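Subject: Handover of a structure and notes on its features

Dear colleague,

Please find the structure below for your records. My notes on it follow.

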Amino acid sequence: MNHFTLDDIQGYCKDIGSILSHVTLRERIEDEQRIQLPKVLGTGTIERMQIRTGMEIIISDVELSQNLSAQIEETSGIFELNYFLSGEAVCHIHDQQVTIVEPISHVCYFQDVDVRIETKANTRCQFVEIRMSPENLLHYFDKDADKQAIQHILQKKKGLIQSYQLSPMIKKCVYEILHCPYKGALKKIYFEAKAMELINLFFQENDLLYPVIEPSLPADDIEKLKQAKEIVLRHIDEPYSIKMLAKLVGLNEYKLKIGFRQLFDTTIFGLIRRRRMEKAAWLLEREGVNVSEAAVQVGYSNVSNFTVAFRKQYGCNPSEYLKRVKSFSQ
């Protein structure tokens with residue numbers, strides 16, 4: 001099977017090469033580019049919107065007739081969040097090879113590296129990608145301690161591609177980008193808000209940044225609170241009472257409840273409910289269970305109460321959530 005290169009693509013449609021490349025991330029381009037794939041390459045569209053110089057979103061929904069090989073040379077530094085929803089691709093960076101064959105997200109920081117991406121033909125390839133310069137990422141953090149933490153994370157991820165599962169919260173946000181109801185300036189504002197929501201979810205779900213801790217919270221209490229969180233996550237299906245959890249970690253109930261909210265920006269019950277709703281969304285989407293079965297499996301005997309909790313987290317009823325997922329996959 002033949003392979004197209006970026007030079008081949010530019011011969012068919014000069015704008016496609018610029019959309020796929022990283023070159024214009026730090027240059028001012030027209031706010032939005034949308035390219036219909038020429039029939040000789042396949043079907044579908046690639047869309048690129050620059051939020052500001054140094055920050056952009058790429059949305060691709062294509063089916064190639066032949067394999068596509070794209071070479072990316074990056075010297076100045078780019079932080080990327082990539083949400084791969086369908087298709088098959090292989091990414092080569094240094095000696096690392098990452099094969100993408102299922103819905104998954106990737107996080108990477110490219111600087112002074114050459115990357116080659118091969119996208120496979122005859123399969124629908126859908127992804128949303130957020131690209132930011134380090135300066136743009138740091139722009140959203142005011143405190144020096146937070147900026148230093150971000151810089152440390154970037155250095156740890158430099159030249160690596162790390163994979164993460166697509167949680168229901170992340171999927172919801174990605175679907176909202178794909179089905180954006182706005183145009184023009186409002187679309188740009190909407191995309192920026194969703195991009196920041198995804199970045200926040202990435203840091204939050206992977207515990208990379210904690211909220212600022214008040215000096216009054218002792219280091220020993222912080223360790224006990226982290227232990228409490230681990231226990232809660234291990235026993236989501238049959239959670240301990242506050243009284244028992246406090247006893248297990250050696251804190252009184254007041255310190256446990258107040259400290260937990262202060263450290264993790266949520267209550268113990270809030271964490272349990274969030275993880276239960278994530279499990280429920282997974283059961284509905286991947287296991288094919290109905291709403292009543294999902295409610296029972298995550299600990300709700302009353303379907304109405306389950307629906308209220310689900311809507312509070314995802315902004316829609318379980319049945320509406322399934323419709324959105326199915327409409328996207330069609």
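This is a predicted model: local features need pLDDT of at least 70, side-chain atom pairs count only at pLDDT 80 or more; totals for chains, interfaces and linings use all residues.

Does Leu68 count as buried or exposed, and at what relative accessibility? Leu68 counts as buried, at 11% relative accessibility; buried means under 20% relative accessible area, exposed over 50% and partly exposed in between, with a 1.4 Å probe and protein chains only.

Residues are numbered from 1 along each chain as its sequence is written, and side-chain values use heavy atoms, with hydrogens and water left out.

Overall composition

The protein has 13 helices and 12 strands; these are DSSP runs numbered from the N terminus, helices being H or I of at least four residues and strands E of at least two. Of the 330 residues in the protein, 51% are buried. Among contacts between residues at least 6 apart in sequence, 68% join residues at least 24 apart, where contact means heavy atoms within 4.5 Å.

Leu68 lies in strand β5. Leu68 and Leu41 are separated by 27 residues in sequence, and their C-alpha atoms are 8.9 Å apart in space. Strand β5 (residues 67–74) also holds Asn67, which counts as buried at 9% relative accessibility. A polar atom of the Asn67 side chain lies 3.0 Å from the backbone nitrogen of Ala121. A polar contact is a pair of N or O atoms within 3.5 Å; within protein, one must be able to donate a hydrogen and the other to accept it, and residues adjacent in sequence count only if both atoms are side-chain atoms.

Asn122 is found in the loop between β10 (113–119) and β11 (124–132). At 53% relative accessibility, Asn122 counts as exposed. Its phi is near 60 degrees, a positive value in a residue other than glycine. Most residues other than glycine have a negative phi.

Asn136 has its place in helix α3 (residues 134–139) and is buried, with a relative accessible area of 8%. Leaving aside neighbours within four places in sequence, Asn136 is in contact with Arg52, Thr53, Gly54 and Met55.

Helix α5 (residues 168–178) is mostly covered, with 10 of its 11 residues buried. Among them are Lys171, Lys172 and Glu176. Cys173, also buried in α5, has a relative accessibility of 0%.

Cysteines

How many disulfides are there? The count comes to 0 disulfides, a disulfide being a pair of cysteine sulfur atoms within 2.5 Å. The sulfur of Cys108 is 7.1 Å from the closest cysteine sulfur, that of Cys91, which is too far for a bond. Cys108 counts as buried, at 4% relative accessibility.

Helix α12 (residues 303–314) has 12 residues and reaches 16 Å from its first C-alpha to its last, close to the 16 Å expected at 1.5 Å a residue; the expected span is 1.5 Å times one less than the number of residues. The buried residues of α12 are Phe306, Thr307, Ala309, Phe310, Gln313 and Tyr314. Seen down the axis of α12, these residues fall within an arc of 165 degrees, so they line one face of the helix; the arc is that of the directions from the helix axis to the C-beta atoms.

At the N-terminal end, Asn302 caps α12, with a side-chain oxygen 2.8 Å from the backbone nitrogen of Ser304. Just after α12, Gly315 takes a positive phi of about 80 degrees.

The count of aromatic pairs comes to 5. Rings of Phe, Tyr and Trp (its six-membered ring) pair if their centres lie within 6.5 Å; planes under 30 degrees apart count as stacked, over 60 as edge-to-face and the rest as tilted. The rings of Phe310 and Tyr321 have their centres 5.6 Å apart and their planes at 80 degrees, so the pair is edge-to-face. This pair links distant parts of the chain, with Phe310 in helix α12 and Tyr321 in helix α13 (residues 318–329), 11 residues apart. Phe310 is buried, with a relative accessible area of 0%, and Tyr321 is buried, with 3%. Ring pairs link Tyr300, Phe306, Phe310 and Tyr321 into a cluster.

Yours sincerely
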